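Dear colleague,

Please find below the structure that I am handing over to you. My notes on what was found in it follow directly after.

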Amino acid sequence: MDGRAVAPAAGTVLNALATGRGSAFAIDLETTASVELTTDGEVVGTVADRPDADTGLVERCAELALEEYADAGGLTGTVGARVRTESEIPMAAGLKSSSAAANATVLATLDALEITDAVDRIDACRLGVRAARDAGVTATGAFDDASASMLGGVTVTDNAADELLAREEVDWEALIYTPPEQAYSADADVSACQRIAPMADLVEELALEGRYGEAMTVNGFAFCGALEFPTGPMLEAMPDATGVSLSGTGPSYVAVGDRPTLEEIRERWDERDGTTRLLATRTDGTRTT
């Protein structure tokens with residue numbers, strides 16, 4: 001029994017490190033997971049083109065999905081899985097590669113069990129978030145990032161309760177600038193982020209009012225300060241972009257708006273070391289293939 005699913009990356013509206021509340025939106029970069037069920041009881045993960053990659057997250061996702069849903073899939077006895085992922089999302093870049101890998105793996109496992117339609121997408125998302133916490137790859141549980149990747153569109157969440165507060169579809173384009181360095185979210189200075197909680201509260205208010213662009217920009221300046229990232233890329237996108245922010249705990253920056261405006265901003269960002277990508281936003285979220 002085999003399953004396959006793809007999950008999109010996401011950009012940040014509100015970083016959840018300050019207050020436990022976050023907001024993110026899906027963008028058109030994908031991670032694909034393929035799952036083959038076995039009878040040996042072992043769960044083994046591999047990452048395409050990266051033989052030394054840490055596969056603890058995807059293995060835990062498959063384990064939890066099997067523990068929770070193998071009976072519903074009509075399987076008895078010892079069940080294992082072989083999980084393979086491949087991704088066009090850069091790792092440790094603030095673009096939610098871990099959330100996408102978790103979502104794709106959970107849904108691919110459900111697909112292998114032939115019960116995808118029987119499991120609510122939010123429940124599948126929570127399973128991946130639980131695996132991320134178990135694997136130690138997230139400081140917040142990343143329910144904001146995971147929900148945006150799973151459902152598509154923009155989501156606002158309470159990460160402490162794994163509760164979806166709002167979801168809305170948007171028709172932006174997204175421009176991403178990724179510097180050469182990496183930044184792992186689990187290594188972020190949480191105490192520094194918590195000191196800007198009043199600013200995060202403001203960002204949450206703006207997001208819940210649907211003022212996502214303003215929310216992003218306030219978030220970006222606040223978290224660049226807390227995490228000691230330069231604000232230059234943000235200033236280069238203003239005032240033209242609808243919104244611009246540091247994405248996650250960096251190092252990527254993401255600006256949203258219409259394509260002609262973002263193409264002009266891209267010319268400025270292209271003068272910097274690193275990579276720029278101009279992408280569509282996604283409304284369909286994680287899906288089987």
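Which side chain meets that of Arg 282 in a salt bridge with 2.8 Å from N to O? The partner is Glu 30; a salt bridge here is a side-chain nitrogen of Lys or Arg within 4 Å of a carboxyl oxygen of Asp or Glu. Because Arg 282 lies in the loop between β10 and β11 and Glu 30 in strand β2, this pair ties together parts that are 252 residues apart in sequence.

Before going further, please note that this is a predicted model, in which local features need pLDDT of at least 70, side-chain atom pairs count only at pLDDT 80 or more, and totals for chains, interfaces and linings use all residues. Residues are numbered from 1 along each chain as its sequence is written, and side-chain values use heavy atoms, with hydrogens and water left out. Strands (E, at least two residues) and helices (H or I, at least four) are DSSP runs, numbered from the N terminus.

Salt bridges

The structure holds 20 salt bridges. Arg 282 also forms one with Asp 28, where the closest N and O atoms are 2.9 Å apart. Here the loop between β10 (275–280) and β11 (287–288) is linked to strand β2 (residues 21–38), across 254 residues. A further salt bridge joins the side chains of Arg 282 and Asp 284, at 2.6 Å from N to O. Arg 282 counts as buried at 8% relative accessibility, and Glu 30 is likewise buried at 18%. Buried means under 20% relative accessible area, exposed over 50%, and partly exposed in between (1.4 Å probe, protein chains only). Asp 28, at 31%, is partly exposed, as is Asp 284 at 42%. Through shared partners, salt bridges join Asp 28, Glu 30, Arg 282, Asp 284 and Arg 287 into one network.

Helix packing and core

Helix α1 (residues 56–69) and helix α2 (residues 97–112) have axes that come within 9 Å and cross at roughly 35 degrees. These axes are lines fitted to C-alpha atoms over the stretch in contact, with angles running from 0 to 180 degrees between N-to-C directions. Contact means heavy atoms within 4.5 Å. Residues of α1 including Leu 57, Cys 61 and Tyr 69 meet residues of α2, among them Ala 101, Val 106 and Leu 110.

The largest nonpolar core has 91 residues, and those with the most contacts inside it are Phe 25, Phe 223 and Trp 269. Helix α2 gives the most to this core, with nine residues. Such a core is a set of buried Ala, Val, Leu, Ile, Met, Phe, Trp, Tyr and Cys residues joined through side-chain atoms within 4.5 Å.

With kind regards
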